[in-house]
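Biologist: I would like to learn how to read a model like this one. Can we go through it together?

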Amino acid sequence: MRGDILLVTGIHRVELAFGDHVASGPGMPQVMRIPHGIARPRRGPGDAFLSRTQHREIYLQLYQQIAGRYRLVIDLHQGLDEAGRSAEIFCNDSQFLARCEARLACRSDRLNARLVRIAAPASGAETTPEPRGATDAAAYTWIPRKLWEGRAPLYVGVEVYLPRDGEGEDDDWSFGRDLIGEICACVSD
Ligand SMILES: [Zn+2]
């Protein structure tokens, strides 16, 4: 697998075990494992500010480590959807999303993935992706703009929704790997 793609796991620490299972399989790009990630977004009194600050800090640290060193960074997350396994792919580059869409359309299962463009709202301050309202919805809005808007590397967030909490099972991990494989294949030569 090419060396200009980086897979990041464990930004949210409860998702690290899932990320480890996915990353340990065949065909994965270089992995940056974050052993001491942060809590998932919280929205209680006082929590939202803390959560937002933690997200900005960890993503700024990530940005400092990867800026200019990779073509693509894939930020793997895990969410919950009792309706069944699915995924969302977040990216600012609409051409990249279009390539993902085309590749996924070639698969009979389409990997049940939805493409979401990260874009700045009219006010200009923050991002406004529209996730399905699962646990990590807020996180993407708190990522520093220079990371999601950057092109070296291009930022792609991947949220794999599993029907149950926990680290997942074999099928869940291979689903994650298939998804990452398709995203990697979308990097133009
Ligand atoms: Zn997450």
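Biologist: Which residues have the most contacts inside the largest nonpolar core?

Modeller: Some ground rules come first. This is a predicted model, where local features need pLDDT of at least 70, side-chain atom pairs count only at pLDDT 80 or more, and totals for chains, interfaces and linings use all residues. Residues are numbered from 1 along each chain as its sequence is written.

Modeller: A residue is buried if 20 or more other C-beta atoms, placed from the backbone, lie within 10 Å of its own; it is exposed at 12 or fewer, and partly exposed in between. A nonpolar core is a set of buried Ala, Val, Leu, Ile, Met, Phe, Trp, Tyr and Cys residues joined through C-beta atoms within 7 Å. Here the largest one has 43 residues, and Ile 74, Ile 89, Val 156, Val 158, Leu 179 and Ile 183 have the most contacts inside it. Strand S6 (residues 154-162) gives the most to this core: seven residues. Strands (E, at least two residues) and helices (H or I, at least four) are DSSP runs, numbered from the N terminus.

Biologist: What is Leu 179 in contact with, leaving aside its neighbours within four places in sequence?

Modeller: Contact means that two C-beta atoms, placed from the backbone, lie within 7 Å. For Leu 179, the partners are Ala 87, Leu 111, Ala 113, Val 158 and Val 160.

Biologist: Leu 111 is on that list. Is Leu 111 buried or exposed?

Modeller: Leu 111 counts as buried because it has 20 C-beta neighbours inside 10 Å. Now look at the backbone. Most residues other than glycine have a negative phi, and most peptide bonds are trans. Leu 111 has a positive phi, near 60 degrees. Arg 110 has a positive phi too, near 55 degrees. Arg 110 is found in the loop between helix H3 (94-105) and strand S5 (113-117). Arg 110 counts as partly exposed, because it has 14 C-beta neighbours inside 10 Å.

Biologist: Which residues does a cis peptide bond join?

Modeller: Ala 152 and Pro 153, with omega about 5 degrees. Pro 153 lies in the loop between helix H5 (145-148) and S6.

Biologist: Which residues of H3 are buried?

Modeller: An α-helix has 3.6 residues a turn, so residues three or four places apart point the same way. In H3, Phe 96, Cys 100 and Leu 104 are buried. Seen down the axis, they fall within an arc of 75 degrees (taken from the directions from the helix axis to the C-beta atoms), so they line one face of the helix. On the other side, Ser 94, Gln 95, Ala 98, Ala 102 and Ala 105 are exposed.

Biologist: What covers the buried residues of H3?

Modeller: The cover includes strand S4 (86-91), S5, S6 and helix H6 (170-185).
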